[in-house]
Structure formats: C-alpha cells, structure tokens
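Please read the following report alongside the sequence and the coordinates.

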Number of protein chains: 4
Amino acid sequence: MALPKKKLQGLVAATLTPMTENGEINFSVIGRYVDYLVKDQGVKNIFVNGTTGEGLSLSVSERRQVAAEWVAQGKNKLDQVVIHVGALSLKESQELARHAAEIGADGIAVIAPFFFKSQNKDALISFLKEVAAAAPALPFYYYHIPALTGVKIRAEELLDGIQDKIPTFQGLKFTDTDLLDFGQCVDQNHQRQFALLFGVDEQLLSALIMGASGAVGSTYNYLGKKTNQMLEAFEKKDFTTALNYQFCIQRFINYVIKLGFGVSQTKAIMTLVSGIPMGPPRLPLQKATQEFTANAEAKLKSLDFLGPKKGT
Amino acid sequence: MALPKKKLQGLVAATLTPMTENGEINFSVIGRYVDYLVKDQGVKNIFVNGTTGEGLSLSVSERRQVAAEWVAQGKNKLDQVVIHVGALSLKESQELARHAAEIGADGIAVIAPFFFKSQNKDALISFLKEVAAAAPALPFYYYHIPALTGVKIRAEELLDGIQDKIPTFQGLKFTDTDLLDFGQCVDQNHQRQFALLFGVDEQLLSALIMGASGAVGSTYNYLGKKTNQMLEAFEKKDFTTALNYQFCIQRFINYVIKLGFGVSQTKAIMTLVSGIPMGPPRLPLQKATQEFTANAEAKLKSLDFLGPKKGT
Amino acid sequence: MALPKKKLQGLVAATLTPMTENGEINFSVIGRYVDYLVKDQGVKNIFVNGTTGEGLSLSVSERRQVAAEWVAQGKNKLDQVVIHVGALSLKESQELARHAAEIGADGIAVIAPFFFKSQNKDALISFLKEVAAAAPALPFYYYHIPALTGVKIRAEELLDGIQDKIPTFQGLKFTDTDLLDFGQCVDQNHQRQFALLFGVDEQLLSALIMGASGAVGSTYNYLGKKTNQMLEAFEKKDFTTALNYQFCIQRFINYVIKLGFGVSQTKAIMTLVSGIPMGPPRLPLQKATQEFTANAEAKLKSLDFLGPKKGT
Amino acid sequence: MALPKKKLQGLVAATLTPMTENGEINFSVIGRYVDYLVKDQGVKNIFVNGTTGEGLSLSVSERRQVAAEWVAQGKNKLDQVVIHVGALSLKESQELARHAAEIGADGIAVIAPFFFKSQNKDALISFLKEVAAAAPALPFYYYHIPALTGVKIRAEELLDGIQDKIPTFQGLKFTDTDLLDFGQCVDQNHQRQFALLFGVDEQLLSALIMGASGAVGSTYNYLGKKTNQMLEAFEKKDFTTALNYQFCIQRFINYVIKLGFGVSQTKAIMTLVSGIPMGPPRLPLQKATQEFTANAEAKLKSLDFLGPKKGT
C-alpha cells in the first residue's frame, strides 16, 4: 500500500450539495462549481458529503452519486477529493467507503457516530477501524466535531490510539476551538506526515500558529481567495497583514452568526457570490430568508468581498 | 382512509434486534421472541427498529428485513406492530415508510432529525409531514425523545400544530420526564383518540395518573408481566399496590443505571430473562461486560424477577 | 436534641422577598403577606430566602433581617418557617444557620454549592454537614435543584449517605422531574419520618402518587388554595377531580412559561393576585414587562383564578 | 478622574488564597508569595479573589482582608493589584468595590452573576454598571468565563454596549476559547486602550496572534517565567521558539487535566514548585490526593519545570 500520493494541505473546501428547487440533487452545476473553486477561489481540494454538503441528509444512493460526480468533474482539475463516508450505521459507512475506493477518490473521512455515542476511546476506534478496513487503499481522516456529535473524546487521545489500529490513518479535520487538544495533536505527531486540518474558519489564524497544516471549511467556497492571502502573509511571517485578513473575515462571519448562520445560509451566500445556484437545503433545514440574503449581500459589499462582476 | 382499526394502548415492547456473535441480524429467533412476549410477558404490541432495536445502527436494507420479519412472525399473534422509520435522511425515512405500508405494518413512528436540528416547530412538522405522506394509510406516531435528539421543541406545541398537517397522526411516544408537557398533551387532546404513550419505564406510574394511554419501553420485554400487574392495580384504584410494583421495578432500574445501562445491557438482561439469545449490539455500542450480567442476574433474583425456570 | 416538633408536610410557600421600587427590602408588607397566605391560600408553612425569595441576591445582612421578620410575623400564625441558608461560602452559610437558630426558625435548608461544584457525594455531604453543625438543634433540609446548580449527584444516593453524617437531617426539597430518583428517595426511606417535598409545582400530582409528603413552591403563594383542593381530592382517591385541578394549574403555568417565567414574573403575578406589592426583583433580574402582566392577568381571569374582588 | 496610571498588560497571576490546614486564611505567607512572583516568576501583576483565589468561597469579610493584605504586601513591589469583587449579590459586590477603592487597589474585576442569569446584554450591563459605580475612580474589568457561569452573552456584544454605560471600563479577562469573539473584541476596540487579557493559559499563543494584550491565569503563579519566555519569543517574531514554549506548557497542562485539574490541584502544584504552603482548598473543594501530587511532581521534573533547588 502506497499512502498517499501527497499530504493533504492548504485549503479544502467543504462542498455544498447543489439542489433543485424541488429538493433533488442538481448534478448539472458541479462541473461549474469545480471550475469556480479552482479559478476564482484558488482552492484545489474538496471535502464532499460532510456537514456543509448535507451528507447525512442524503440517502446512501444519493451520497454515492454525489461523490462520483465530484470525482469525475474534478479529474485533472482538483488535487484531492476526500469523501466523507460517516454514517450512523457502520454497514452504510462501509458501503460508502468501498464505493469511494471504486470511484478513485483520494481519501475518506468519518465522523464519530452520535446517536449511540461511543462510550470510550476504544469503542470509537473500533468503529472507525471497521470503516477504514472497507477501503484499505485510501487515506483515512477522522472528522472531529464535538459540538455537533456530542462525542467528548479528545482528539489527542484518539490519535494516540488510532495509529496502530488504522494503518491508513492520515490525519483529521479538527472542528473545535480547544487548541490545547489541537496543539497536542500537532506536538505529539510532528514526526509523522499527518494532515492536521483545522475546521473553525473564523479563527484559522489561531490554529496556524499552533501548527495546523491546512483547513477544511465551508467559507473557503466563497472566501478561499481571501483566506489564501492570509495563509501567504502568515507564511511570510507578516502577521499584521495576516491578522488584518483574519479580522476582515471575522467581521463577515460575526455578522452572519448574529443573523443565524448554518448550511441554509451558506447556500444562499454561495449562490450570491459565485453566481452558481445552490438551491434550497433539504428538510429539516429550511431555505434562508430573503431578509438574510439581502443583509448578507450588503455586508459582503461593504467588506469588498464581492468582486466587480459576478456571472449568473 | 380508515384509521386505525383500534387505538394503540397498554404496553408496547420496544423490541431488541437479535444479532449473531459476528454482528449480523439473527432473524431465526424472532418467532420465538414474539411467542415469549405474548405468552410470558402478556405484551401484544411492539415498536420495531427504535432506539432499543438499534434502528439507526442498521442499514436501510436491514431495517426493511427486520420490519418484515416482525410483521410476518407477529401475524395473528400480536395486536399491533409499529415500525420506527425515522432517519437523518428524509428520503430514507420515506422509503422505510412506504415499505412499512407494503408489508402491512400497523403504524409508523418517526423521531425528530437530530444532526441538523429543526430550527422551529414548523420545520419539524414539515419534515414529519413528508414522511407521513409516504404511507398515507398508516397511523403515524411522533417519537419524542429530547435527551437523545437534543431537539427541545415541546411535544404539546407540536401536537397543537401537527393535526392539520398530518391527517394520519395518531399519537406519540413521549420519552421525557417533563410531565407538564405530557400533561398538556393529554389535557389539550382529550376529545381526540390519540395514543399518548409514555416512554420512561421507571416512572410510568407518574404518567398514568397524568392520563397516559399506554407505554412504550425496553423493559416491557422482560418486565412486561410485572408492569401489567401495576397497570391492573392502577385501573382498580389500588394505588398502594401499584406503587409497590413501581418501586420494585425502580429498584432494579436504579441498580442497573448505576452500573451503566443502555441497549447493550438490555440485550444481556433480555437474554438472561427470556433465554433467547439477543447477541451483541453493533458498534459503536459494545457488549455488556460479564460483570454487569452477573450483577444484574443477582439483582433480578433478589427481586424475584426471574421465574422458577427459564428456557434456553 | 428533640427533632422536630412535627413533620413538615402539605404545602410550603417559597416566599418572595418584597422590595420597594428602589430595590430595598420592603419589610412593611411581610405581616400582611403572612395573613394572606394563611387566610386566603390556606398555606401555613414557608420557605424563606430560597430561589423564589432571591436569597442569593441578598447580602448576608439582608438575609438575616428577612429571616427574622418572617419568623416574627409568623409567630402563632404559621406552622413552620424554614430558612434557606445555602451560600457559595461555607462560612456565610454557617453564619446564617447560627442566626436561624437564634431567631427561633423551625428548620434550615441548604442548596449544593454551584460555582465550584462538589466532585462527588462525599464532598457535598461534607459541605452540608459543616453547615448543619452550625445549627445543631434545627431540622436540616437539603435543597435539590440540579437544573439551577448543575450538580448532578442523585438525591437518592445523597440520602443514602447523609443520615449518618447529619443527625438533624429531616428531608429534602426535590426540584427536579426525575421521579426514579424521587421515588427511590421515598422507597428507601419509608421507615423514617423524612419530609420528602416536591418542588416542581406544575406536576405535583405525579409526585404525590410516588409518595411525596408535601410540596415547596412559588405558585403556592397564589395558587395555594387550588392546590390544596387537589391535595384533598387526591387524599380521597378522587383522581379525576385531582387531575382536573392539576390540568387547570398546568394551563396557567404552561401559558406563562411560553411568555418567559421566573421570579420577576412571579412577583408581578403575586402582586396582581394578592394585592400586596412585591416590587421589582433585584439585578441581574429585571422587572416583568407590563405586557406580561396584562397577559397573565387575562389568563388568570379566564381560568377563574382571580377571586371576585381583591384588596389593593 | 484619571484612569489608569498605565494599561494592564503582560502576565497577571490569578493568586491562590493560602490556607492553614484547618481551613482559615494563612495571611502570613502572602508577603513571601509576592516576592516569589516578582523574583522567581517575573510576574508583577495580580488578580486577587478570582476563581483561582476561591473568592466566591470566602465570606465578604475574608475577601476584604485578603484584598487588603495583597495590596499592602504588594506595595512598591507589584505593578498592579486587581481585586475581583464579583458576587451573586449586587450589594455585596458594591461593598467589595468600595473597599477595593479604600485600600488603594489598582482595579476591580466582576464576573457575571450566575445563579440568576442575566436574560440579556442590557440586564448584565446594568448589573455591572451598579458595581462599577461603587468605585468610580478604579479601572473596571469584566471577567468573562461562560463555561463556569453559563452566561452565554458574547463578550464582543457586551463591549459594544459597556463603554457608554461604564466610564471606568478598562478591559476584560476573556476565559474562553472562542477566538472569533475575542478577535472581534480586539478588532472593534483597537483605537481604545483596553486591556484585552486572555484567560486560557494552555493556548495563550493562539490569542497573542489575535491581538491579546496580556493574560490572566493560575499557571502564571508557577509557570510565569516559562510563559514570559514565550511572550518574548513572540515579540521577536520567533514563532518556532514561541510554539516550542507553548507546547512544553501544554504537555504539562494536558497531563494534569487527565488526572483531574482544578484549584485544589493548583494549590498542590504551587506548594511544590514555590515551596510556599498553599494549604487545602475550602469545601466543597477537596484537597488534591497525594497520588496527584506525586504524578504532577514527576511530570514537572521530566519537563524540567522545577528549578535546581527550591526553598522551603
């Protein structure tokens, strides 16, 4: 087994799943979406069927189709396509992992099951191991998001135990603000080539200084370019500039959080910024209000986040 | 549409899903399980693929097979077989609802989606309505369990809105200790024939006096007979006796809760009491320890909850 | 030590602390308040300086004065005056306990400290024991209210350990809906003369059938008479009538909970119903809005909870 | 009013309150404690009677005495002595604020009340304003620690409203990992001379890059020197060195957190490192176990955090 071609790093967009107005998946715009990410946002890695992609709201069959389409459209354009295959049912997660391997994805990611929660680290690792084993040639990433799953096992402890059990383990998406936990993931694994990707977009800078090797997030769909500029300033040790970019991004996120911000609103913003119709979310999510969209647009303009002209 | 043949009432066992030691579903013992519930426990209604049945840990395909087997085996033996068809994906929930209708189940139940949570009452009712519409001839029950789903919308408010939108609505499983909410469900709907089933086994008596029309729970698999005796005493207004039964049941549940009590442990206890092998749970749950089983057995004996001889 | 003259039972009003418009304690109306409770509501026991009385928002000096005034005014009119002496500081709690003994109160009650939380049962019992020892001749009650304190130690486990350590222990105020825990408090202590008082007014009936010996609550200030009628019906085993009273009370509480219900609102309602001015609450609480008061009044009228004429 | 002599910055030690074995305050070692902080740890600012100092476990009288002793002993040695005067009772908080002014403290800090929680931003600001007004010549700091208080009002929103209402407002202690909120506090107030002090010691570096002007914490009692080295490396833009210091500190904190880490354990560690006896904590806290102390000592040694020789 040769893992992986190269380490996953830089920005990874957590893709939205475009839908038609009547709630079916709108496969037709995925090609355009790929081009937009690469050309307009400078983002060449994607994370498909995660929280942002409403992965858990799709049927297994839909998840397969969505994954296949992103892999097909991304060919020769994207660097890496990681498929989130987490599910409440181990069997379904395994099926999705096998499928990701078949279609030639670059990796799989798995969230901790969160209806029945793992009672301890060993139970969680056992679950993840069974999924990973279904795609033995694919890099495996753990998707750590305790605020959504309620699973409180620290990532650092998990990494400590995961490496022997899951040979394909290649890193994690760390979606939490506990930078002791994240820092210790970095500190304890600095001799390994793990991708330690931060998942709280609005405070990415705080994780960069702690050693993050990249980031996965929904805002990189439409703020990828701005965030890449922050990454470049950070690389050059120009912290004043980096912080200015971070604050600018925070102003936007801070604003929309107060309005109520989630996947529904991200779909509205992405439609606005990219000109590609993302459509409504699926129930139990509900479409963002027109009032939200109008306010978000005004804020984007005031921050100069909308380019001079956007396609439609 | 003629709904329903009769109101669901009395005890409803939330069935376990028997598994083999290697984690596959053990369909072969379901027939015996039906007989045990009817003959040994006096329980003639079941709730399939719910929390106790690890419904959300099964694949959609497995959920269909399990549902079909219970309906088939229960024919002419059970009064009502309700299938839990809740899922994170609306599409899968709808598929399961259609299937429940095809196999001739007596009703469907749906939990609130809990990864993306409904932002308000209307969003939740819209979701439930879409599921119910997939099985327009089947009684529809809402499965209210806020401690597991994190969905805090009060049942009373939901019922207030659900009746116009979901004509097949027939009641709810109320798994919470908020008896203001439950009481108001009863109070506000006393002129309708809804089944208002309580789901916290260890304090059923407190809900009976508030007007519960029945109960759904995991302990009725092995404490159905004892609980039926409590119901009878309550019906006769013999509250001293009813309370004695309730306290006796509480002593057992209180004891196992301190040891750590969940579906894994329920499988071990049911195996012990019924003699029918329930097997291990599926990951991320892990098999109950031998120490738990030994302690639970000793407690059952001390409370005289094990009959003189049990089959193997 | 002769403990206690008699067991605390029936309804116990958690008294409000009347204040003037500029936020000082209005001692002048406490005599009238006593008469109102006894004559209009038929309530002869009180719980002073608890949550409803804003005890923790008062200075130690104010708590002493308030306690002394209630004891003085209640002389020969009230049956028992229990003073809540819980505080974050053990020293202050001890001072208040000594003072309660000096003024001739009938008992003291203590909440679990909740800034630093007790790490286990032993730590909590050690704390309570030190307070109780400061008033060695007074009955001691534990005030169990996990939703406010965040202390999750079960009451049943506490009672199991508290009896050896605190000889003055006489019971608890159980303000939670976990009737397994409450039921086991009753079941395990049926041979002792503990007062097991329920503290969730809106579902008192559910605790009565589980063996509650009384109730402490804020609504008994103005719904004492109605609640006493429920108690009487329950005593006579007239459950239909008891449930009707409970539902009627629930309709009011359910209504005000939706409007936002707390101590501020209780002050407004009590002023309305009794005609005795309760004044505003102390910061960080803020006075109930006029809109709330108008809505609450309309609801009280519609439920016939306001007598034909009230004093001003 | 001339506020303040100079901006509070750099490290601020949240002091422990030394106690004798029988639980009384050990005033006799405070002078030595001051010298230790200044000479051995290079820390010249202190935060007295906060969480670390068990401020809320002390009586008002004790809090006054402790505050007075630190001010007296710190004279001509410490730069700034800030007294935490937060309390559940507004009256007591005001008394402590007046006292802090009388003894010549350099500032006061106030935590949000957390038994009754502020229903909104205005209620909280009103409370804080009343406290601040009792010491109109002292710099006022808000102590933001939502994990302990349960008060979820964002600091950024509070600062937005606090400046008009509280003219003495000089900054906040931000004890949370939400660096969007903290970042926006910095971003929105960069033209003012507020002290924006971070309070999560184990990830201070992440806040420095977001613009923190200093830090308040318990570990600066014994890791002040190491942390000052990190601050110096950060100032020089030597991020590799800064991160090495941060990781080293994290290794220790990460280790003790797994053993169970709080004020009790901090007292044991400080006694160990400084040689000054801190004594036990006050109930409901319990003394750290000998096992903890032995493990912590071994870890400190392995990380070279104990100097070659320490006084006794």
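The report moves from the arrangement of chains to individual residues.

**Arrangement of the chains**

The model is predicted, and every value below should be read with that in mind. Chain D is superposed on chain A by a rotation of 180 degrees with 0.0 Å of shift along its axis, at an RMSD of 0.0 Å. The two copies are therefore related as by a two-fold rotation axis. Both copies use the same surface, since 100% of the contact residues of chain D recur in chain A. Among the residues of chain D, the closest approach to the rotation axis is that of D:S206, whose C-alpha atom lies at 2.2 Å.

Two other chain pairs are not in contact. Chain A does not touch chain C, and their nearest C-alpha atoms are 18 Å apart; chain B likewise does not touch chain D, again with 18 Å between the nearest C-alpha atoms.

**A helix pair in chain B**

In chain B, the axes of helix α9 (residues 220-235) and helix α10 (residues 239-259) come within 7 Å and cross at roughly 155 degrees. Because angles over 145 degrees count as roughly antiparallel, α9(B) and α10(B) are described as roughly antiparallel to each other. The crossing of α9(B) and α10(B) is left-handed. On the side of α9(B), the contact is made by B:Y222, B:L223, B:K226, B:T227, B:Q229, B:M230, B:A233 and B:F234, while α10(B) contributes B:F239, B:T241, B:A242, B:Y245, B:Q246, B:I249 and B:F252.

**A loop residue in chain D**

Which residues does D:T219 touch, not counting those up to four places away in sequence? The residue sits in the loop between β8 (214-217) and α9 (220-235) of chain D, and the residues that D:T219 touches are D:D201, D:G224 and D:I253. With D:D201, the side chain of D:T219 makes a polar contact to the side chain at 2.6 Å. These two residues are 18 residues apart in sequence, and their C-alpha atoms are 6.8 Å apart in space. D:T219 has a relative accessible area of 3% and therefore counts as buried, the cut-off for that class being under 20%.

**Backbone features**

Most residues other than glycine have a negative phi, and most peptide bonds are trans.

| Site | Feature | Value |
|---|---|---|
| C:L283 to C:P284 | cis peptide bond | omega near 10 degrees |
| D:L283 to D:P284 | cis peptide bond | omega about 15 degrees |
| A:K237 | positive phi, not glycine | phi near 65 degrees |
| A:D304 | positive phi, not glycine | phi about 65 degrees |

A:K237 has its place in the loop between α9 (220-235) and α10 (239-259) of chain A, and at 39% relative accessibility A:K237 counts as partly exposed. A:D304 is found in the segment after α12 (290-302) of chain A, and its relative accessible area of 60% makes A:D304 exposed, the cut-off for that class being over 50%.

Definitions and conventions. Residues numbered from 1 in each chain as written. Chains lettered and ligands numbered in written order. Predicted model: local features only at pLDDT ≥ 70, side-chain atom pairs only at ≥ 80, totals over all residues. Heavy atoms only, no water. Helix = DSSP H or I, 4+ residues; strand = E, 2+ residues; numbered from the N terminus. Buried < 20%, exposed > 50% of the residue type's maximum accessible area, 1.4 Å probe, protein only. Contact = heavy atoms within 4.5 Å. Polar contact = N/O pair within 3.5 Å; in protein donor to acceptor, adjacent residues only side chain to side chain. Least-squares fit on C-alpha atoms with pLDDT ≥ 70 in both. Axes fitted to C-alpha atoms, helices over the stretch in contact; angles between N-to-C directions. Parallel < 35°, antiparallel > 145°, perpendicular 65-115°, else oblique. Left-handed = near helix turned anticlockwise from the far one by under 90°.
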